[in-house]
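Welcome, and please open your viewer. We will go from stop to stop, and at each one you will get something to select and a note on what is there.

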Amino acid sequence: MGPLKLMGPVAKFNYIETESLFVLAPIGSLSMGSITSAMGLGFLLSMLFFIEQNIVASLTNAPENRLVKGTAYHWDLLLVALINTGLSVFGMPWIHAAFPHSPMHVRALANVEERVEYGHIYETIVSVKETRLTSLLANILVGLSLFLLPLPLQWIPKPVLYGLFLYIALTSIDGSQLFERVALLLKEQTAYPPTHYIRRVPQRKIHYFTGLQVLQLVILCGFGMSPLPYMKMIFPLIMIGMIPIRYNLLPKIIESKYLDAMDAEH
């Protein structure tokens, strides 16, 4: 008990029950300026949902995952939009889509083989047992978590959840090309793995590209983790602004053929 007393009280989720949950929001009492501001902020948040959904879908459907069956991720986004429209009418906070269809989910269902190339061992996906049952079960469990409110869910300390998310993030870093290229800065050239872009792109260009990506990541983290709420609100615009930087500015620093080689997975 001694260490716990030194740490002080642990923050917990708070859940306030109310008898009048489904009450229409007083939209009629809002001024035109308030409605316009709400529309603007809602558009930014919608863009964040759209961008994140498409990023997850593109990572999941990467060629190296060897997926065969078709996808319906656009239906997930449509369902979230319809649900959030109803929540807005009642003045409730928006929800976001659950992402069981993620690269980690694909890896859990995949048959993986270890192969050796030029003395380096790497893993490759041979096939994936594609099924909708795991995604359905994951969403059902998310729905059943509502029965844990208000107790015992609010007994779970926030640091426990933060630690879980941190663990998931760190385990998903392995296999990221950006992480691999950052690690190249600490290795001798003779120890570089025989990846496709190392064979095609000069070492100096690889480090340029890595440095620019790290700079972009720092900018995104600065806006996304800022304690100022208005800084977080323009985070989607910053993400959208990265697109012209990639296609218009970076080719002026690094040749397009080298950028295409580093963007490709094989």
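## First stop: charged pairs

Select Arg246 and Asp260: their side chains meet in a salt bridge, 4.0 Å from N to O. A salt bridge here is a side-chain nitrogen of Lys or Arg within 4 Å of a carboxyl oxygen of Asp or Glu. Arg246 belongs to helix α11 and Asp260 to helix α12, so this pair ties together parts that are 14 residues apart in sequence. Helices (H or I, at least four residues) and strands (E, at least two) are DSSP runs, numbered from the N terminus. Is Arg246 buried or exposed? With 15% relative accessibility, Arg246 counts as buried. The cut-offs are these: buried means under 20% relative accessible area, exposed means over 50%, and partly exposed is in between (1.4 Å probe, protein chains only).

Before moving on, keep in mind that this is a predicted model, in which local features need pLDDT of at least 70 and side-chain atom pairs count only at pLDDT 80 or more, while totals for chains, interfaces and linings use all residues. Residues are numbered from 1 along each chain as its sequence is written, and side-chain values use heavy atoms, with hydrogens and water left out.

How many salt bridges does the structure hold? There are three. For the next one, select Lys205 and Glu255, whose side chains meet at 3.4 Å, N to O. Lys205 sits in helix α9 (residues 203-224) and Glu255 in the loop between α11 and α12 (256-263), so the pair ties together parts that are 50 residues apart in sequence. Lys205 counts as buried at 10% relative accessibility, whereas Glu255 is partly exposed at 34%.

Now select Arg107 and Glu123, which form a salt bridge of 2.1 Å, N to O. This pair links distant parts of the chain, with Arg107 in helix α4 (residues 103-108) and Glu123 in strand β2 (residues 120-128), 16 residues apart. Arg107 is partly exposed, with a relative accessible area of 40%, and Glu123 is partly exposed too, at 45%.

## Second stop: two helices

Show helix α2 (residues 32-60) together with helix α11 (residues 235-253): they pack at an angle of about 50°, with their axes 8 Å apart. Axes are lines fitted to C-alpha atoms, for helices over the stretch in contact, and angles run from 0 to 180 degrees between N-to-C directions. α2 and α11 are therefore oblique to each other. Angles under 35 degrees count as roughly parallel, over 145 as roughly antiparallel, 65 to 115 as roughly perpendicular and the rest as oblique.

Select Leu133, Leu136, Leu137, Ile140, Leu141, Leu144 and Phe147 to see a nonpolar patch on the surface, with about 760 Å² of accessible area together. Such patches join nonpolar side chains (Val, Leu, Ile, Met, Phe, Trp, Tyr) within 5 Å, and like charges within 9 Å, using residues with over 30% relative accessible area and no salt bridge. Accessible areas come from the Shrake-Rupley method with a 1.4 Å probe; for residues, only the protein chains shown count as cover. Leu133 lies in helix α5 (residues 133-144) and counts as exposed at 62% relative accessibility.

## Last stop: Arg66 and the whole chain

Pick Arg66, in the loop between α2 and α3 (73-89). Its C-alpha atom is separated by 7.1 Å from that of Ile125, 59 residues apart along the chain. Then zoom out: the protein chain has 12 helices and two strands, and 21% of its 266 residues count as buried.
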